4 protein chains.
Amino acid sequence: MSIYGHLWGTDETRALLDDDGRTRMWLEILGALAEAQSELGLIPAAAANAIGARVREPVDLEAVATETRATGHSTLGLIRVLQRGLADDAREWIYYGATVQDVSDTWTGLIARRMLDIADRDLGAIDAALARLAGEHRDTVMLGRTHGQPGLPITFGYKAAVWLAEVRRHRERVAQARPRLVVGQLAGAVGTQSAWGSDGPELQRRVMERLGLGVPEIPWTSSRDRIAELVVLLALITGTLAKVGNEIYNLQRPEIGEVAEAATEGVVGSITMPQKHNPERSEHLVTLARVVRSSAGLALEGLVGEHERDGAAWKTEWELLPRACGAAAVSLRLGAELLDGLQVNRDRMRSNVEAQNGYVLAEPVMLALGEQIGPRRAHELVHAAATRGLAAGVSFREALAADPDIPDVDLDELLQVESALGAARELVDRVLR
Amino acid sequence: MSIYGHLWGTDETRALLDDDGRTRMWLEILGALAEAQSELGLIPAAAANAIGARVREPVDLEAVATETRATGHSTLGLIRVLQRGLADDAREWIYYGATVQDVSDTWTGLIARRMLDIADRDLGAIDAALARLAGEHRDTVMLGRTHGQPGLPITFGYKAAVWLAEVRRHRERVAQARPRLVVGQLAGAVGTQSAWGSDGPELQRRVMERLGLGVPEIPWTSSRDRIAELVVLLALITGTLAKVGNEIYNLQRPEIGEVAEAATEGVVGSITMPQKHNPERSEHLVTLARVVRSSAGLALEGLVGEHERDGAAWKTEWELLPRACGAAAVSLRLGAELLDGLQVNRDRMRSNVEAQNGYVLAEPVMLALGEQIGPRRAHELVHAAATRGLAAGVSFREALAADPDIPDVDLDELLQVESALGAARELVDRVLR
Amino acid sequence: MSIYGHLWGTDETRALLDDDGRTRMWLEILGALAEAQSELGLIPAAAANAIGARVREPVDLEAVATETRATGHSTLGLIRVLQRGLADDAREWIYYGATVQDVSDTWTGLIARRMLDIADRDLGAIDAALARLAGEHRDTVMLGRTHGQPGLPITFGYKAAVWLAEVRRHRERVAQARPRLVVGQLAGAVGTQSAWGSDGPELQRRVMERLGLGVPEIPWTSSRDRIAELVVLLALITGTLAKVGNEIYNLQRPEIGEVAEAATEGVVGSITMPQKHNPERSEHLVTLARVVRSSAGLALEGLVGEHERDGAAWKTEWELLPRACGAAAVSLRLGAELLDGLQVNRDRMRSNVEAQNGYVLAEPVMLALGEQIGPRRAHELVHAAATRGLAAGVSFREALAADPDIPDVDLDELLQVESALGAARELVDRVLR
Amino acid sequence: MSIYGHLWGTDETRALLDDDGRTRMWLEILGALAEAQSELGLIPAAAANAIGARVREPVDLEAVATETRATGHSTLGLIRVLQRGLADDAREWIYYGATVQDVSDTWTGLIARRMLDIADRDLGAIDAALARLAGEHRDTVMLGRTHGQPGLPITFGYKAAVWLAEVRRHRERVAQARPRLVVGQLAGAVGTQSAWGSDGPELQRRVMERLGLGVPEIPWTSSRDRIAELVVLLALITGTLAKVGNEIYNLQRPEIGEVAEAATEGVVGSITMPQKHNPERSEHLVTLARVVRSSAGLALEGLVGEHERDGAAWKTEWELLPRACGAAAVSLRLGAELLDGLQVNRDRMRSNVEAQNGYVLAEPVMLALGEQIGPRRAHELVHAAATRGLAAGVSFREALAADPDIPDVDLDELLQVESALGAARELVDRVLR
């Protein structure tokens with residue numbers, strides 16, 4: 001495995017996408033094809049048996065690479081290498097009547113199945129971690145920020161519950177997409193299953209049954225909406241995880257200090273700045289989302305294919321799909337790890353609110369004043385007082401007191417942080433229910 | 001309306017997205033808010049009535065524009081203009097406790113509802129047109145092409161049925177997305193509905209009920225997956241329509257001449273080349289899909305928002321959402337028109353097959369030979385014969401006859417186009433069932 | 001002008017790109033064409049005079065819009081409206097032998113010229129503001145941050161000088177691109193200037209001379225690299241300005257508080273949170289860069305055009321070019337304003353360094369220790385001491401003192417911030433020279 | 001090398017970008033650093049010698065991978081493996097004071113140099129091939145097509161000359177970018193060269209001199225415009241090559257048959273359709289341009305980095321840069337090969353013009369008529385006659401003759417293809433001069 005390979009893929013995705021893993025899956029498909037063809041009498045039973053035995057054995061990938069270059073063909077290299085070990089009467093029948101896209105699209109169906117499984121599992125773990133954080137910190141007061149500026153207090157549980165609701169929508173999307181995406185393909189040269197006469201549909205059904213894949217209503221050799229949907233779904237999921245990562249990156253700034261990634265034994269932040277503890281996972285979630293998003297753009301572009309097979313769009317999938325799946329799997333795993341170990345600093349959250357000197361409670365004061373003098377007038381007075389107070393460096397309470405136009409209100413009560421939380425805690429309960 | 005506005009939007013989308021239409025929808029939201037607030041005793045009934053009356057009257061958009069610039073605030077300009085016509089006691093209560101994003105996100109919910117309605121309706125029309133084409137041309141033989149080169153015959157009905165199946169998957173996606181996307185938002189300053197005490201959730205419920213929108217489980221001020229999903233869905237749909245457009249553009253080349261866009265009275269193709277009939281709609285479908293796809297990339301990027309409101313991501317939506325919705329609506333309408341009026345030239349389809357001189361029937365000949373001499377050997381011989389024959393400019397039949405290594409097969413039968421169609425016709429039936 | 005039009009364009013770009021501005025420029029081109037054609041005897045002098053007079057008068061844009069829809073042709077609508085006011089003998093000769101792309105590509109050349117002028121001017125102002133900031137704050141110590149975490153001190157002048165060097169590279173790019181991009185086109189139907197016999201090249205030369213545009217070596221009807229280069233250049237520039245905006249957004253967080261946007265009279269940050277001062281310009285720079293970047297992707301895609309004119313790629317330019325130019329011009333103006341009025345808080349910069357409790361001076365301590373015990377060993381000890389000290393909440397000096405393995409070094413000198421600045425100040429001088 | 005690695009990189013780019021090649025280049029940088037540090041007295045001479053010897057020997061990449069995972073640090077893994085073989089007094093001084101980005105950005109400078117060299121060389125070969133094609137086919141008449149429809153004749157030399165002019169603009173861009181892009185970096189922890197006291201600038205100068213790289217005016221740790229410019233430049237170049245590929249793909253359709261890719265010995269087009277000769281190189285040029293373009297989008301996004309190092313933007317480069325460089329190098333090589341071996345079918349070009357039955361000569365007829373009856377009236381008549389004639393399936397000459405409103409013109413002369421070529425041939429000469 002390459003030096004930085006762990007940044008862009010996991011063991012699970014390498015087993016799907018690397019030469020070794022992909023070839024093993026292709027062999028599985030060739031084996032299922034031969035078996036089903038033998039059942040239907042399309043190829044001799046002895047040939048199917050020999051092929052079945054061959055595809056369970058390892059393949060010399062170097063030899064495949066060499067033959068692939070020599071033939072300029074995407075699967076003929078593999079076929080020729082497989083044929084070497086087969087007797088004459090079996091050799092001829094390997095991959096009979098199928099085309100490259102049959103094996104590669106069926107492989108794509110297997111990838112989709114696996115990726116949706118991984119997403120489901122890891123989103124499940126993320127869901128659990130977020131539910132725990134939302135529950136534990138239902139009442140943990142912190143600054144709500146808009147445009148990078150403190151606005152009003154929220155709770156950390158509220159923030160976690162917002163993330164959780166988003167993650168649950170992704171789980172719903174995954175479930176809805178599954179039957180559409182987890183299908184294979186046995187289409188033949190131009191999609192009409194031309195090589196197998198009237199047996200085509202039944203042959204396809206049997207092959208897909210063996211592989212645990214759905215049967216498409218009609219071939220999709222140039223209908224790439226399934227590919228696009230898969231990659232877009234991964235882009236949506238990794239986008240959410242990048243948001244979480246970016247939030248943690250910001251809240252981990254020492255000037256804010258409200259959360260921190262768990263430290264990992266042996267990890268070194270910087271060789272020049274030995275004190276550094278960098279939010280490495282959080283940052284990498286942002287990187288990974290970019291990589292997946294850029295793949296999604298290409299996958300959407302690939303919808304516009306020509307005729308019965310569009311080589312340009314199709315080959316682009318060979319580049320984007322492994323990239324997107326690898327990066328998404330790393331993102332899901334990192335996201336689960338990150339949230340599982342997240343350190344939340346309640347005291348700092350509270351003291352950051354207090355450091356705002358009361359100004360983040362301008363809304364409740366304004367609303368209370370509004371009941372006396374009308375909300376717009378109250379806005380004007382509070383805006384002016386806050387501007388003056390911030391410039392003078394005094395507290396919000398002092399700033400209000402300094403303005404004779406502002407009528408008396410019960411500031412002791414209004415400047416209670418807890419009374420400014422609105423429905424934050426009830427919204428957490430609602431999501432956790 | 002601007003000179004080229006029809007290229008990028010329809011009357012329906014302008015009514016959603018232009019200053020005039022957007023403002024009218026915002027007023028509807030402000031009215032619903034005031035009404036619900038009055039019911040809950042949050043604002044005086046008289047104020048709600050006055051606001052309700054005001055929002056049903058037109059607004060001076062120039063004045064709104066001027067105030068918007070003066071305040072540097074996205075809704076305060078509108079509010080100030082609305083306040084001008086209101087008595088003192090009503091003026092104060094307009095838009096009470098709500099924030100910009102409440103009105104703009106609720107508007108987005110209304111846009112989503114309308115766009116999904118438009119998609120549903122126009123995809124329905126496209127579905128009907130494709131079903132008709134698939135049925136009528138179930139047996140219309142034409143060239144199947146891969147990599148831009150004739151491969152084997154298919155039928156035009158098969159091609160239409162492949163498109164149809166893709167369109168139906170989009171209809172399914174639209175239906176699944178609807179309950180997720182058609183929701184509004186009443187979140188207040190940082191999402192906690194802080195201005196309305198314990199009434200926040202009920203207030204939101206009543207406002208959304210009035211507007212016919214769903215209620216989100218928790219605010220989504222920085223959960224933009226709904227926006228991204230909407231735009232991505234439009235990108236998937238317009239991608240398919242661009243594929244259809246691109247196919248028609250290519251098949252309409254006079255060198256191919258198999259289909260043609262309907263001509264439109266009064267339309268001029270070229271002022272310098274008076275004979276031209278350009279596939280204008282087909283081309284524009286490709287353009288529109290690019291525009292929507294590029295919006296989808298931005299919408300996916302917008303998932304990574306900071307804190308409780310991210311101004312950069314949110315303002316980007318203001319640019320991308322109108323653009324994507326306008327272009328998608330034009331695409332849907334053009335797609336329906338194009339397919340409805342599509343001219344199919346059966347004779348040319350047949351003669352293009354015949355012009356291939358038999359070479360597109362190489363697969364059946366190879367398969368038949370394969371039963372005698374094994375498929376791989378058959379491939380070699382037919383490949384060689386075809387290469388020689390094409391170079392010599394003779395027919396496939398002659399090329400085969402010229403090779404003494406090729407055993408006798410019943411070429412009269414094998415070179416029948418109809419016997420090379422595989423399951424093309426049955427696949428059409430399956431989709432149409 | 002529309003309510004939010006100021007977010008996406010300036011008066012200068014509207015004069016280039018809106019219906020009104022674009023039409024005026026097209027008329028200028030038609031006038032130059034007629035004049036040059038008359039000089040070469042291609043059209044009657046009287047016709048040229050009449051056309052010349054007509055194009056200096058206003059045009060009924062509504063009528064043009066109506067005719068454009070009726071003809072389905074991009075320029076015929078305008079031509080027909082122009083013809084209405086012309087006498088019979090002049091009417092015929094307007095736009096003689098030219099094609100749509102001649103006028104629209106020549107307009108693009110005029111846009112390129114204007115946009116490069118705007119970029120040059122505004123980058124010049126930004127350059128001046130940054131040079132001033134770099135000079136004034138050459139010695140203003142602040143935290144250098146990597147991965148969002150304080151690393152070592154830098155100076156604010158250093159940060160400004162890094163931006164300045166980047167801006168100067170953009171100015172160099174603008175200068176190099178200018179002769180390539182500021183060209184027009186008079187190509188005729190398929191690029192061969194077919195309508196004007198042997199006069200084509202000379203006609204083109206004269207028209208471009210009138211308009212102040214360069215003459216292309218050969219028509220570029222389907223060579224769109226100029227368009228792509230222009231938009232990419234705008235994406236590079238706005239990307240840099242977004243970086244500056246994003247930095248200011250972050251440094252303006254009250255928890256950091258090192259810089260602030262200038263406040264603008266009358267501007268309201270929030271209607272619900274009256275105390276807010278949002279970094280509106282900074283955020284919008286980020287938004288604008290996304291919009292331009294997404295246009296750049298489309299412009300690069302447009303390179304792949306078919307044959308002598310590719311309608312899909314070309315029409316996409318109609319959407320992306322106005323969008324990119326409008327957003328880039330706003331970005332340039334905002335960037336200049338923002339930097340011109342930027343408030344720099346030296347005291348806060350210094351106190352933020354001090355709040356790090358010495359830990360950001362770990363590198364110099366490590367280096368000094370390294371001379372005694374070797375750098376790697378020094379890294380281990382300092383890393384361990386810093387980790388322990390941060391966990392215990394003690395100062396870096398205390399943390400070092402607590403570790404008996406760490407040899408004595410002159411901490412009084414090493415913990416001087418100024419001695420850790422490396423070449424920061426000299427690098428400022430180098431850029432300012 | 002992996003099975004499909006040849007699709008996405010060349011031997012040359014693998015030597016830059018793969019684990020093996022990258023590590024070798026990093027070692028070269030470490031060696032140059034140690035040498036220069038020794039000269040300046042920053043590290044002991046003996047240490048520099050030992051390091052210099054070590055970096056010339058191979059490294060156990062598996063061990064580096066393992067240590068990289070253990071430390072979670074991008075270069076510490078390599079450093080630790082290098083240290084294993086060094087004596088105590090040398091071990092300590094490897095990579096002294098430098099940070100990860102110093103080595104990776106300097107490597108980027110080396111990549112830029114190599115990629116620009118490759119681009120220069122291969123664009124030179126493409127230039128030569130195009131100049132040959134333009135010259136040989138200066139007078140080879142073929143159809144000019146717009147919107148996929150025949151418009152007027154051009155010559156194939158004209159088409160090649162348009163491509164050539166575009167390629168030459170790219171060569172100019174490459175030359176202009178070179179001094180900006182081919183620079184290294186020795187910036188230290190936060191960019192201020194803090195570890196080397198006043199020696200920083202001189203140390204950087206000496207290291208870059210050794211490596212043959214330029215010295216940046218100020219560090220660019222978070223100024224990524226150079227990276228973006230490089231990738232964008234590759235996107236521009238591969239975009240042009242994709243245009244050429246797409247054109248050949250279309251002109252190679254047997255229904256058009258005007259050009260063909262050279263056949264390659266041993267290459268098999270299809271295993272199911274043995275007659276196929278697919279335009280594989282042409283298609284792959286389109287695929288590669290998409291991959292590079294998508295990288296360019298990410299590189300432009302990376303401009304918006306935070307503070308003195310932005311991990312998310314920077315790590316994204318690790319993914320996009322190898323991808324873009326690999327794909328661009330394949331594209332350049334394929335482009336040169338494709339054009340070098342391109343088969344041009346003059347007869348088919350001519351017969352395709354003739355098959356248009358005169359209609360592509362509508363412009364000259366219209367212009368000649370225009371001199372008698374005015375150009376607009378001529379347009380109407382010719383448009384009507386062409387529409388009728390095409391519907392009736394008669395020749396353009398017959399269609400004109402059938403309309404009594406059309407005055408007599410010398411059709412024998414006007415329907416000469418050569419007289420409709422405009423300045424096509426002169427424009428070729430102009431580019432070739």
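In chain D, the charged end of D:R22 sits over the ring of D:W26, 5.6 Å from its centre, where sitting over a ring requires NZ of Lys or CZ of Arg within 6 Å of the ring centre and within 35 degrees of the ring normal. In chain C, the charged end of C:R22 sits over the ring of C:W26, with 5.6 Å to the ring centre. This is a predicted model, in which local features need pLDDT of at least 70 and side-chain atom pairs count only at pLDDT 80 or more, while totals for chains, interfaces and linings use all residues. Side-chain values use heavy atoms, with hydrogens and water left out.

Over all chains, the structure holds 32 aromatic pairs, counted when rings of Phe, Tyr and Trp (its six-membered ring) have centres within 6.5 Å, with planes under 30 degrees apart taken as stacked, over 60 as edge-to-face and the rest as tilted. The rings of B:F156 and B:W163 are edge-to-face, because their planes stand at 90° with the centres 6.4 Å apart. B:F156 is buried at a relative accessible area of 1% (buried means under 20%, exposed over 50%, partly exposed in between, with a 1.4 Å probe and protein chains only), and B:W163 is buried at 4%.

D:W26 also pairs with D:W318, and since the planes meet at 80° with the centres 6.4 Å apart, this pair is edge-to-face. The pair links distant parts of the chain, 292 residues apart, with D:W26 in helix α2 (residues 19-39) and D:W318 in helix α12 (residues 311-340) of chain D; helices are DSSP runs of H or I with at least four residues, numbered from the N terminus. D:W26 is buried, with a relative accessible area of 3%, and D:W318 is buried with 13%. Both belong to one aromatic cluster formed by A:Y4, D:W26, D:W107, D:W314 and D:W318.

Terms used. Residues numbered from 1 in each chain as written. Chains lettered and ligands numbered in written order. Helix = DSSP H or I, 4+ residues; strand = E, 2+ residues; numbered from the N terminus.
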